[in-house]
Amino acid sequence: MLLLVLLALLGPAGCPRTEPLSESGQEPLFRGADRYDFAIVIPAGTVECFWQFAHHSGNFFFSYEVQRATGIANSRTILATASDPSGFQLSASQHVRGQINFLTKETGFYQLCLDNQQNHFGFMQVYLNFGVYYEGFDVENKDPGEEKELNDTLGAIEVSIRKLQLNIFHMWRFYNFARMRKGADSFLLESNYNYVNWWSMAQSCIIVLSGVLQLYFLKRLFNVQTSSRQKC
């Protein structure tokens, strides 16, 4: 009974979610980080979900790649879905690696799920990279009356800085793509290395065993049984 109570209490904590700090208008809304990249192990026959907060008019991106998989079929295909705060599914992707990009039309928590229910006998390790970015990396709604007038020089500098920030952000995304591929290639090389070692060891054992058996049968073939009776 105590175990059932603990499972009931710990059950909702299986999927991470960033909650707002306060609902009052005086305090700013806590969004957490705008970008995440990490690897997660999804057990067999389970679904893992995450929630990412985003304001409206943002560019949401979600990239994934299955780095390694276990099981009988050893399939690396996984189902990834993205849903809006209302629960409506925006897009889905079922591949070894994929991307889901869309514009956020409302403010709230967007749900990202990875479905490993097709693989009933093995886990999958998936590398994730998701988040949201905005025009000029400015997510606060500024009052037009509070905006300061800038001269042409400062305006050009601001535009250049925003372009530089956007280029750095896309470089960071390409760097994460390279990390995904590098991790997947590393696990593939390690798997092939272990496969070759075990297969070579099995073949060596079979060769030694066949040699021993051949010697044994050859020895029995030339083995002459002496009779216990003496000839007269």
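Let's start in the middle: the largest nonpolar core has 23 residues, and F60, F62, I78, L114, V126 and L128 touch the most other members. A nonpolar core here is a set of buried Ala, Val, Leu, Ile, Met, Phe, Trp, Tyr and Cys residues joined through side-chain atoms within 4.5 Å; buried means under 20% relative accessible area, exposed over 50%, and partly exposed in between (1.4 Å probe, protein chains only). Strands β1 (35-42), β2, β3, β4, β6, β7 (108-115) and β8 (124-133) each give two or more residues to this core. Strands are DSSP runs of E with at least two residues, numbered from the N terminus. As a general point, nonpolar side chains in soluble globular proteins tend to be buried together.

A word on the model before going on: it is predicted, local features need pLDDT of at least 70, side-chain atom pairs count only at pLDDT 80 or more, and totals for chains, interfaces and linings use all residues. Residues are numbered from 1 along each chain as its sequence is written, and side-chain values use heavy atoms, with hydrogens and water left out.

Leaving aside neighbours within four places in sequence, I78 is in contact (heavy atoms within 4.5 Å) with I42, Y64, V66, S93, Q94, H95, L114, D115, M124 and V126.

Is Q67 buried or exposed? Q67 is buried, at 7% relative accessible area. Beyond residues up to four places away in sequence, Q67 touches several others, including R76, Q125, Y127 and R179.

Strand β3 also takes part in the 1 salt bridge counted here, a salt bridge being a side-chain nitrogen of Lys or Arg within 4 Å of a carboxyl oxygen of Asp or Glu. The partners are R97 and E65, at 3.1 Å from N to O. R97 belongs to strand β6 (residues 97-104) and E65 to β3, so the pair ties together parts 32 residues apart in sequence. R97 is partly exposed at 38% relative accessibility, whereas E65 is buried at 2%.

There is another open sheet of 4 strands, in the order β2-β7-β4-β5, again with antiparallel pairing. Its edges are β2 (47-54) and β5 (89-95), each with a single partner strand, so one side of each lacks a neighbour in the sheet. The twist averages 15 degrees from one strand to the next. Strand β4 (residues 78-83) is joined to β5 by 6 bridges, with A82 opposite S91 in β5.

Finally, the count gives 1 disulfide, meaning a pair of cysteine sulfur atoms within 2.5 Å. C49 is joined to C113, at 2.2 Å from S to S. These two sit in strands β2 and β7, 64 residues apart. C49 is buried at 9% relative accessible area, and C113 is buried at 11%.

Technical notes
Two strands pair if DSSP finds at least two bridges between them. Axes are lines fitted to C-alpha atoms, for helices over the stretch in contact, and angles run from 0 to 180 degrees between N-to-C directions.
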